[in-house]
Amino acid sequence: MKMMSYKTNEKMAINDELVSLIHPSLTHSIKFFLDSPELNTLHTLLRHNVGDNCIIPNHIERLSVPINVRWLDMPCIGGIKRLEPNSVGWMFLDFMGHLYGNKSTYIYPKKDIEYAFKNKVFKNNALFAITLSRRSINSLKDKREWGVTCTYIYLIARKYGYETTFLTGRFYKKIKNMYFIAFRVMKK
Ligand SMILES: C[S@@+](CC[C@H](N)C(=O)[O-])C[C@H]1O[C@@H](n2cnc3c(N)ncnc32)[C@H](O)[C@@H]1O
């Protein structure tokens, strides 16, 4: 079966943009992210010389990673539960699903976000980015999903002792129901 490719110019530009936003004091902290067997995000981190301390959860595909990279054969939520408090400098949850997730595939973005903040995994000035899809681009309700996601992240971060500042984000040009958002995460 042919592997799905995420390697578009737009996606690679987003990876570059997000990697360039790693705070200078956190370049050697843990980077936790979703990647496919193509490892586009890992390759971007390596290209920017910040490819150390990388952890990639993926229970759907087998990843062939370099020896110093940790692939966790488990859903994202399992990986987040294993993270030490105050350890992560960069987190990119690059999902294909919507905020409310999909029970049958163990994909729960909402829970993943809550766990990350609740377990206080972020270092001060960490970057937190997420890609999600809207459930439909036709209904008015779903057009507002971007705002719902921003508000959810802001409130959940506050609940567990963090402030978030919006850094960047937009709808993808080619896949119009997908969007990404990135925040700087500061300890209150
Ligand atoms: C959108 S792709 C990542 C693309 C990559 N960041 C890039 O720029 O090319 C998401 C990958 O994570 C896997 N995945 C999706 N949801 C996941 C979850 N909840 N836990 C672990 N892996 C997941 C998918 O199978 C897929 O390989």
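The buried residues of helix 1 (9-20) pack against helix 2 (40-47), strand 4 (88-94), strand 5 (122-133) and strand 7 (178-187). Helices (H or I, at least four residues) and strands (E, at least two) are DSSP runs, numbered from the N terminus. A residue is buried if 20 or more other C-beta atoms lie within 10 Å of its own, exposed if 12 or fewer, and partly exposed in between, with C-beta atoms placed from the backbone. Two residues are in contact if their C-beta atoms, placed from the backbone, lie within 7 Å.

This is a predicted model, in which local features need pLDDT of at least 70 and side-chain atom pairs count only at pLDDT 80 or more, while totals for chains, interfaces and linings use all residues. Residues are numbered from 1 along each chain as its sequence is written.

**Helix 1**

- Lys11, Ile14, Asn15, Leu18 and Val19 are the buried residues in helix 1.
- They cover an arc of only 130° around the axis, so they sit on the same side of helix 1; the arc is that of the directions from the helix axis to the C-beta atoms.
- Asn9, Ala13 and Ser20, on the other side of helix 1, are exposed.
- The end C-alpha atoms of helix 1 are 16 Å apart, which agrees with the 16 Å that its 12 residues should span at 1.5 Å a residue; the expected span is 1.5 Å times one less than the number of residues.

**Ligand shell**

- The ligand is surrounded by 20 residues, and the closest are Tyr6, Ser36, Asn40, Ile60 and Cys76; a residue counts here if its C-beta atom, placed from the backbone, lies within 6 Å of the molecule.
- Helix 1 and helix 2 are the elements that give two or more residues to this shell.
- By class, the shell has 9 nonpolar, 6 polar and 5 charged residues. Ala, Val, Leu, Ile, Met, Phe, Trp, Tyr, Cys and Pro count as nonpolar, Asp, Glu, Lys and Arg as charged, and the others, Gly among them, as polar.

**Nonpolar core**

- The largest nonpolar core has 45 residues, of which Val88, Met91, Ala126, Leu127, Phe128 and Ala129 touch the most other members. Such a core is a set of buried Ala, Val, Leu, Ile, Met, Phe, Trp, Tyr and Cys residues joined through C-beta atoms within 7 Å.
- Strand 5 gives the most to this core, with 7 residues.
- Met91 is in contact with Phe32, Phe33, Ala116, Ala126 and Phe128, leaving aside its neighbours within four places in sequence.

- In helix 4 (109-118), Pro109, Asp112, Ile113, Tyr115, Ala116 and Phe117 are buried.
- Their cover includes helix 3 (76-82), strand 4, strand 5, helix 6 (145-159) and strand 6 (162-171).
- Lys120 lies in the loop between helix 4 and strand 5, and is partly exposed because 17 other C-beta atoms are within 10 Å.
- Asn86 is in the loop between helix 3 and strand 4; it is partly exposed because it has 14 C-beta neighbours inside 10 Å.
- Asn86 touches Lys120 and Lys123, not counting residues up to four places away in sequence.
- Asn86 has a positive phi of about 55° although it is not a glycine. Lys120, also not a glycine, has a positive phi of about 55°.
- Most residues other than glycine have a negative phi.
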